[in-house]
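Hello,

Please find the structure below. My notes follow it, one topic at a time.

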Amino acid sequence: MTSVRELSFQTLEAVLKDGAYSNLKMNEVLQEHPLSAADRGLYTALVYGTLKRKLTLDFYLKPFVKTKIKGWVRRLLWMSAYQFIYMDKIPTHAIINEAVNIAKKRGGKQTGNTVNAILRQLTTQPLRDIDAIKKKEERLSIRYSLPTWIVRHWLTHFGEATTEAIAAQMLLPAVQTVRVNRTKTTVDAAIQQLEQEGYLVTQDPDIAHCLVVEGQGVMQSKLFQQGMMSIQDKSSMFVAEMMDLQPGDHVLDCCSAPGGKACHMAEILSGDGNVLATDIHDHKIGLIQHNIDKLGLTGIQARQQDATTPFDGQFDRILVDAPCSGLGVLRHKPEIRYTMMPETVEQLVQIQLQILENVAQNLKNGGELIYSTCTIEQMENENVIYTFLKAHPEFEFSMIRDPRTGTDVKTLQLLPQDFDADGFFITKIRRKDQ
Ligand SMILES: C[S@@+](CC[C@H](N)C(=O)[O-])C[C@H]1O[C@@H](n2cnc3c(N)ncnc32)[C@H](O)[C@@H]1O
């Protein structure tokens with residue numbers, strides 16, 4: 001049987017070397033390998049912890065790595081260093097033995113000896129002091145394991161204190177939240193059933209059908225398997241709530257896979273109205289359809305379409321939950337911080353504007369469009385919507401309620417520390433009546 005550390009290491013290889021998405025890969029591994037609850041916890045902690053702290057771990061290891069080592073050896077060292085530095089309960093000898101075993105199996109005795117020597121030094125000598133790094137950007141980059149370009153953008157936009165608060169939050173485990181499918185059950189019944197299944201449940205104070213669920217993975221729960229609820233972050237839930245859907249509305253969700261918000265909107269409409277859920281990727285339409293079927297929803301159809309190409313028909317509401325850099329969801333997808341590049345952000349901005357330009361033509365007079373992203377990059381958020389509005393005087397902001405203050409705002413940038421949830425941007429515009 002493969003050990004938990006080997007599984008964790010294989011997952012890290014898949015993500016860091018082969019470009020797999022951590023959350024998808026981890027779900028796949030956990031489905032293939034029925035681990036005990038304790039081992040699942042260890043597996044998740046090792047993979048997420050190592051991914052989230054990669055740059056910091058490399059900083060600590062650097063003085064002890066004196067010869068050239070292969071990429072996989074470095075990744076194994078990161079995983080081992082993570083256990084030593086950030087996890088209290090694992091004895092040092094167990095960390096080293098397991099790492100040496102993996103190294104020997106994969107690279108032979110010599111590699112095992114190298115790993116042994118490096119880890120022995122790391123675990124017996126003082127760690128380098130991050131505070132001694134003079135340049136602020138570099139210091140924050142190492143402390144929070146973020147590339148310097150991200151630190152620079154955040155410092156410019158949010159200032160130092162908020163940047164540190166965001167960065168620190170991104171290192172914490174994501175809270176597990178679910179959206180109760182009110183077309184099938186009630187919030188009270190869902191809470192009761194989850195509690196019977198052994199979960200600790202708290203009802204969210206801002207969104208009544210959002211539940212914070214603690215305990216083992218909620219995918220294991222009967223309620224989830226029966227389509228009585230969906231796993232969704234609280235920040236994401238605000239989007240459909242702010243669409244202000246009315247009975248009979250025709251809604252277009254043009255970047256909709258895997259269908260989280262489209263299904264949420266169909267639940268709100270509850271058959272009285274219609275949601276057209278489209279996405280550019282054909283293979284993702286099956287995911288949306290799977291969710292529609294599982295949740296038993298009516299008044300919602302999924303089909304493939306590139307949102308930069310013309311749509312037929314006019315809609316009361318349009319959602320552009322745009323493809324974005326994803327820098328607000330680093331707790332769920334920590335590797336994005338290393339793979340995202342500033343050039344890609346610029347390309348994304350062009351696509352976001354193209355999508356807005358295109359679908360805005362399908363909005364009825366007086367209709368409303370929400371533009372949302374799961375990033376905290378100003379270029380993809382405020383800049384995009386202001387650029388669009390400047391070119392389109394026939395549109396204006398439609399105010400949305402800031403759930404943090406209760407005041408009406410034009411744009412809403414949620415940060416992870418606001419609700420212990422994802423960083424998210426939401427804004428709503430309206431086509432003026434003619
Ligand atoms: C942020 S995700 C959407 C998440 C979804 N709204 C939800 O709540 O589950 C962005 C989606 O946009 C899709 N996408 C990217 N470029 C697109 C395009 N040109 N037209 C339509 N969809 C696109 C991606 O495939 C991705 O599924």
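Which of the 19 residues around the ligand come nearest? They are Gly 260, Lys 261, Asp 279, Ala 307 and Asp 321. Bear in mind that this is a predicted model.

**The ligand**

A backbone N or O atom of Ala 307 lies 2.8 Å from a nitrogen atom of the ligand. Ala 257 has a polar backbone atom 3.1 Å from an oxygen atom of the ligand. For Gly 259, a polar backbone atom is 3.3 Å from a ligand oxygen. On its own, the ligand has 600 Å² of accessible area, and the protein covers 85% of that.

**Helix 7**

Helix 7 takes in residues 109-124, which makes 16 residues. At 1.5 Å a residue, helix 7 should span 22 Å. Its end C-alpha atoms are 23 Å apart, so the two values agree.

Which residues of helix 7 are buried? They are Thr 111, Gly 112, Val 115, Ile 118, Leu 119, Leu 122 and Thr 123. Seen down the helix axis, these buried residues fall within an arc of 135°, so they line one face of helix 7. The buried residues of helix 7 pack against helix 4 (54-61), helix 5 (71-86) and helix 6 (92-107). On the other side of helix 7, Lys 109, Gln 110 and Thr 124 are exposed.

**Helix 18**

Helix 18 covers residues 382-391. Its buried residues are Glu 382, Val 384, Ile 385, Phe 388 and Leu 389.

**Two single residues**

Is Arg 5 buried or exposed? Arg 5 is buried, because its relative accessible area is 10% and the cut-off for buried is under 20%. Arg 5 sits in helix 1 (residues 4-16). Leaving out residues up to four places away in sequence, Arg 5 touches Leu 46, Met 79, Gln 83, Ile 90, Glu 98 and Ile 102.

Asp 188 belongs to helix 11 (residues 187-196). Asp 188 is exposed, because its relative accessible area is 58% and exposed means over 50%. From C-alpha to C-alpha, Asp 188 and Thr 156 are 45 Å apart in space. In sequence, Asp 188 and Thr 156 are 32 residues apart.

Best regards

How values were computed
Residues numbered from 1 in each chain as written. Predicted model: local features only at pLDDT ≥ 70, side-chain atom pairs only at ≥ 80, totals over all residues. Heavy atoms only, no water. Helix = DSSP H or I, 4+ residues; strand = E, 2+ residues; numbered from the N terminus. Expected span 1.5 Å × (residues − 1). Buried < 20%, exposed > 50% of the residue type's maximum accessible area, 1.4 Å probe, protein only. Arc of directions from axis to C-beta. Contact = heavy atoms within 4.5 Å. Near = heavy atom within 4 Å. Polar contact = N/O pair within 3.5 Å; in protein donor to acceptor, adjacent residues only side chain to side chain. Areas by Shrake-Rupley, 256 points an atom, 1.4 Å probe, with all protein chains shown as cover.
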